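Hello,

Here is the structure I promised to pass on to you. Have a look at it first, and then read on for what turned up.

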Amino acid sequence: MATRKSTAKPNISKEELLQYYRDMLLIRRFEEKAGQLYGMGLIGGFCHLYIGQEAVVVGLEASADEGDKRVTSYRDHGHMLACGMDPKGVMAELTGRDGGYSKGKGGSMHMFSKEKHFYGGHGIVAAQVPIGAGLAFSDMYKGTDRVTFIYFGDGAANQGQVAETYNMAELWDLPAVFVIENNQYAMGTSVKRATKSPDFWERGAAYGIEGEAVDGMDVLAVKAAGEKAVAHCRAGKGPYILEIMTYRYRGHSMSDPAKYRSREEVQKIREERDAIEHVRELILQGKHASDDDLKAIDKDIKAVVNEAAEFAKESPEPALEELYTDIYADVAPQNA
Amino acid sequence: MATEILMPALSPTMEEGTLAKWLVNEGDTVSAGDILAEIETDKATMEFEAVDEGTLGKILVPAGTEGVKVNTPIAVMVEEGEDAEAAAAKAQEAAPAADAAGKAAPDGGSAPDAPPAEPKAAAPAPEPEVPEGTEMKSTTVREALRDAMAEEMRRDDTVFLMGEEVAEYQGAYKISQGLLDEFGAKRVIDTPITEHGFAGLGVGAAFGGLRPIVEFMTFNFAMQAMDQIINSAAKTLYMSGGQMGCPMVFRGPNGAAARVAAQHSQDYAAWYAQVPGLRVVQPYSAADAKGLLKTAIRDPNPVIFLENEILYGRSFDVPALDDFTVPFGKARIWREGSDVTIVSFGIGMTYALEAAEALAKDGIEAEVIDLRTLRPLDTATVIESVKKTNRCVTVEEGWPVCSIGNHISAVLMQEAFDWLDAPVINCTGKDVPMPYAANLEKLALVTTKEVIEAARQVTYR
């Protein structure tokens with residue numbers, strides 16, 4: 001992983017730093033709670049936690065504007081929280097309840113919000129990549145200057161449809177930011193066991209797409225890179241690739257024994273590179289807030305997460321009639 | 001020794017063409033590889049090259065002649081000193097009889113039945129949706145599909161067409177002819193050869209509020225895109241609790257063409273018909289092709305629109321209405337009858353209608369039902385018919401296991417058991433990959449003869 005660049009820039013405002021701190025902490029506490037509920041049997045099936053990668057979505061959302069779109073894989077809880085979706089609705093979807101974003105019919109991997117321009121939540125590795133290009137295509141077709149963030153992992157980066165999409169995106173100058181969240185492991189396979197071309201962003205060059213690698217444990221670096229990529233797209237210069245070097249602390253899913261890496265490896269990154277800790281230090285060093293202030297924020301966030309968990313437990317299961325609804329639309333959905 | 005130059009088959013399904021232009025004159029010396037003529041097929045204008053050297057003795061078919069059957073002598077090459085007129089006379093004498101022409105490949109001699117002659121489309125029972133006295137216009141299925149897309153693109157500017165060769169080439173099968181000129185490159189988009197990618201891109205564009213028509217050059221290539229069609233297009237409305245629909249059409253030719261072997265000759269009707277969330281349409285006539293495609297483009301759900309290459313060039317009457325649509329889920333009774341119900345769809349209708357005509361000569365009156373859409377499936381019309389005829393034969397080109405016919409049989413067993421006087425027979429393609437050899441291909445396909453035999457079997461006659 002790249003060494004952290006110095007990011008204690010004087011032009012970062014107090015409000016901005018505190019916002020990142022809150023947003024990242026919300027994701028972490030939410031995911032810890034989801035892990036707990038999974039252990040209690042309240043969440044079933046696959047549940048992929050985002051802990052460790054929080055700076056990626058928080059940094060990029062900070063570079064997005066209203067109306068920009070995003071689409072991601074099944075490791076999607078962080079993306080939904082970062083784009084402003086309600087933690088209650090997300091958690092209730094995890095518990096398969098009527099109050100969930102998909103009325104309990106999608107689950108952890110399949111959630112959507114038209115309001116927040118969040119287009120899923122896709123369970124098939126890399127399927128979201130051409131879909132994201134299609135979203136970008138729709139904005140270009142309609143003549144807006146909106147941008148689509150297409151998130152996928154280092155595992156998905158080896159899928160053929162990513163190559164197909166790069167080719168079309170550059171061919172048609174689609175306003176798409178390809179975000180490779182390189183968390184070093186495709187399920188249990190490390191990058192070096194999956195490819196001899198480990199610098200994923202460089203593959204864009206084969207299609208004429210510019211890009212760069214970014215320190216994904218530094219939310220400010222991510223935001224800066226996001227702004228550059230977005231400006232590139234909005235200027236009509238076509239797609240841009242950001243390979244964001246990050247790390248997943250937890251297993252691939254809840255059922256992952258994580259035998260493919262050492263406990264020490266994980267511990268070292270948690271201690272030395274943690275993105276939330278980094279922002280916390282910047283806040284304290286810059287005397288933007290006191291330790292007590294941060295504790296108060298922690299408490300607020302815990303309350304939000306607890307409230308979401310309570311909602312997710314209390315929300316009823318979907319009505320049995322829901323089995324046969326939403327298979328066909330009767331009227332044209334207003335997607336855009 | 002004079003050599004005849006025969007009208008070439010320039011595509012697997014070409015049976016006749018137009019001799020557009022001769023590029024050589026009588027008396028010219030030609031070498032192998034010289035362009036002799038331009039020939040228009042049902043899909044394209046092709047240059048036709050000489051394979052031998054010699055002198056073009058006599059042109060037998062003048063430029064501008066339409067409907068020249070494949071294998072008809074079109075000119076004679078002579079060697080030095082040969083009498084061109086005599087050679088020409090001899091060639092014309094030996095010209096194949098009209099009924100033997102029109103087959104690109106040699107007829108498989110060992111196949112059990114005669115090759116189906118180009119059937120004349122039976123006159124359909126009047127479409128109930130069409131007001132009486134409506135003017136009808138003879139239109140090919142190909143033109144009908146193009147007209148449907150053009151009309152819907154004029155009506156709704158979020159509709160666009162993308163696929164391989166749809167724009168500048170005017171469609172691999174000429175379905176999109178003229179659309180680029182009218183709608184421009186923004187709305188008629190040539191894609192790279194990237195089925196998985198552009199199918200997924202189409203899904204995203206539909207999520208983004210557009211109405212894509214994704215053309216697969218053939219549905220055989222859609223297998224590369226299967227994940228996007230099933231997992232992304234069909235399931236997202238459900239997985240999103242009704243928030244995120246996917247209003248789009250996947251269309252292209254499906255099923256066997258002619259002599260293109262296993263990987264290019266599969267009928268996917270039963271595969272797609274199994275998937276909740278998809279609409280599946282397989283028209284037979286040009287009117288249905290037009291009316292159903294217009295409905296498909298307007299439908300808020302993902303629609304699989306299965307066309308057939310062999311039907312593209314067939315003409316049918318199409319109502320000359322400003323906005324002619326055909327609803328989904330409504331079968332059409334092409335022929336009323338009291339003795340047996342023959343249920344089919346798509347090109348299977350060719351065999352069903354031929355069989356019904358032959359059976360009528362023997363006093364067996366078949367009721368022929370064209371399902372038109374496979375999802376939703378109009379089982380009510382089939383059940384009603386079987387309550388009248390008490391017998392049923394299904395006809396489709398696809399494989400026998402888990403076929404549409406199997407499903408209809410099960411529905412009839414459950415819902416019309418007391419009305420059945422014989423087990424339902426499913427006439428299908430054979431349970432083999434499509435062979436290349438002409439005789440084996442003929443054996444692999446469902447035939448009119450098989451439909452006739454099945455009808456006799458269920459009527460015990």
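Let me start where the two chains meet: 38 residues of chain A are in contact with 34 residues of chain B (contact means that the C-beta atoms of two residues, placed from the backbone, lie within 7 Å). On the side of chain A that touches chain B, the elements giving two or more residues are helix 5 (128–142) and helix 6 (160–171) of chain A. Helix 5 of chain A supplies the largest share, 10 residues. By class, that side of chain A has 20 nonpolar, 12 polar and six charged residues; here Ala, Val, Leu, Ile, Met, Phe, Trp, Tyr, Cys and Pro count as nonpolar, Asp, Glu, Lys and Arg as charged, and the others, Gly among them, as polar.

A word on the basis of all this: the model is predicted, with local features needing pLDDT of at least 70 and side-chain atom pairs pLDDT 80 or more, while totals for chains, interfaces and linings use all residues. Residues are numbered from 1 along each chain as its sequence is written, and chains are lettered from A and ligands numbered from 1 in the order in which they are written.

Now chain A as a whole. It has 11 helices and eight strands (DSSP runs numbered from the N terminus: H or I of at least four residues for helices, E of at least two for strands). The C-alpha trace of chain A spans about 55 × 50 × 40 Å along its principal axes. Of the 336 residues in chain A, 53% are buried, that is, 20 or more other C-beta atoms, placed from the backbone, lie within 10 Å of their own. Among contacts in chain A between residues at least 6 apart in sequence, 76% join residues at least 24 apart.

In chain B, helix 9 (residues 348–361) is worth a visit. Its 14 residues should span 20 Å at 1.5 Å a residue, and its end C-alpha atoms are 21 Å apart, which agrees; the expected span is 1.5 Å times one less than the number of residues. Helix 9 of chain B is mostly covered, with 10 of its 14 residues buried, including B:Tyr351 and B:Leu359. These buried residues pack against several elements of chain B, among them strand 17 (332–335) and helix 13 (448–459). Just after helix 9, B:Gly363 takes a positive phi of about 85°.

Finally, UniProt lists residues 2–78 of chain B as "domain: Lipoyl-binding" in an unreviewed entry. In the model, this span is 0% helix and 53% strand, and its end C-alpha atoms lie 5 Å apart.

Best wishes

Note on methods
Buried ≥ 20, exposed ≤ 12 C-beta atoms within 10 Å, placed from the backbone. UniProt positions renumbered as here; feature names shortened; annotations may be inferred.
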